[in-house]
Amino acid sequence: MISARWLLLLITILLPAVGMAEETGIPAVTLTTGPDGAQNYSVTIQILALMTMLTFLPAVVMMMTSFTRIIIVFAILRQALGLQQTPSNQILVGLALFLTFFIMAPVLERVNSTAVQPYLNAELTTFEAVQQAAEPFRGFMLAQTRESDIELFVRISGREDIESPQTMPFSILVPAFVTSELKTAFQIGFMLFIPFLVIDLVVASVLMAMGMMMLSPIIISLPFKIMLFVLVDGWAMVIGTIAASFGT
């Protein structure tokens, strides 16, 4: 009986609110046509589209920036040192992320000047701003992508209407860029691996000569590898090499 009274009270309170919502409803779609015939959606739909696009932001950061090359080189470096959890994954990802912002700063500045600010000043429509923002990223990816990788994905796609790299769709450019980044990252990782591999071989040979075959060479070589890495200022050298490899 008490629950029924509370239910009736709740219905009495909510009915006026429902009626007000019906009278002052927000239109789902508002389409504005400009003098030149261009169409632009309402702010509500733009916010909805923006929130939807934010779900793709991690993929954009990983696949269209320098993040992929950096994080792979850091992972290979940690493996070469023989360290399994130091630095931790969170530290490596954070360092790679901020280094990505540093390397991509010129591209982001161009996006801000050619797309974001004109859009905020109502000089560009939404679609024009997106097109303008895509051009700096296209130029960055084309500068880092090998021609052989571009030709590979163009051949796989079967597209014959691509006249120049500037007209290449992102559906072809992005996988070609990622493939080139993986190749470059593994090349840099190979060069980093060689000196630590030499230390492991030397330590293993000394232990074998001393008859200490039951002792793991990794335990003995790890301090020497860390000492070598610190003496040559390894972190500054690796980060500087990665940044210089992008030519920015």
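By class, how many nonpolar, polar and charged residues are in the lining of the second largest pocket? Keep that in mind while you set up the view. The model is predicted.

**Stop 1: the pocket**

Go to the second largest pocket, with a volume of about 230 Å³. Its lining has 14 residues; select Met191, Leu192, Pro195, Met237 and Val238, the closest to the pocket's centre. Now colour by element. Helices α9, α10 (217-231) and α11 (234-245) each give two or more residues to this lining. Then colour by class. You get 12 nonpolar residues, two polar ones and no charged ones.

**Stop 2: the nonpolar patch**

Next, show helix α9, residues 170-209. Six patch residues come from α9, the largest share.

**Stop 3: Val198**

Val198 sits in helix α9. Is Val198 buried, partly exposed or exposed? Its relative accessible area is 44%, so Val198 counts as partly exposed, a class that runs between 20% and 50%.

**Stop 4: Ile103**

Move to helix α5, residues 89-103, and select Ile103. Here the relative accessible area is 0%. Buried means under 20%, so Ile103 is buried. Ile103 and Ala244 are 141 residues apart along the chain, yet their C-alpha atoms are separated by 9.2 Å.

How values were computed: Residues numbered from 1 in each chain as written. Predicted model: local features only at pLDDT ≥ 70, side-chain atom pairs only at ≥ 80, totals over all residues. Heavy atoms only, no water. Helix = DSSP H or I, 4+ residues; strand = E, 2+ residues; numbered from the N terminus. Buried < 20%, exposed > 50% of the residue type's maximum accessible area, 1.4 Å probe, protein only. 1 Å grid on protein atoms, 1.4 Å probe; cavity = no way out; pocket = protein on both sides within 12 Å on 5 of 7 lines; lining within 4 Å. Points joined across faces, edges and corners; volume = space filled by probe spheres on them. Nonpolar A, V, L, I, M, F, W, Y, C, P; charged D, E, K, R; others polar.
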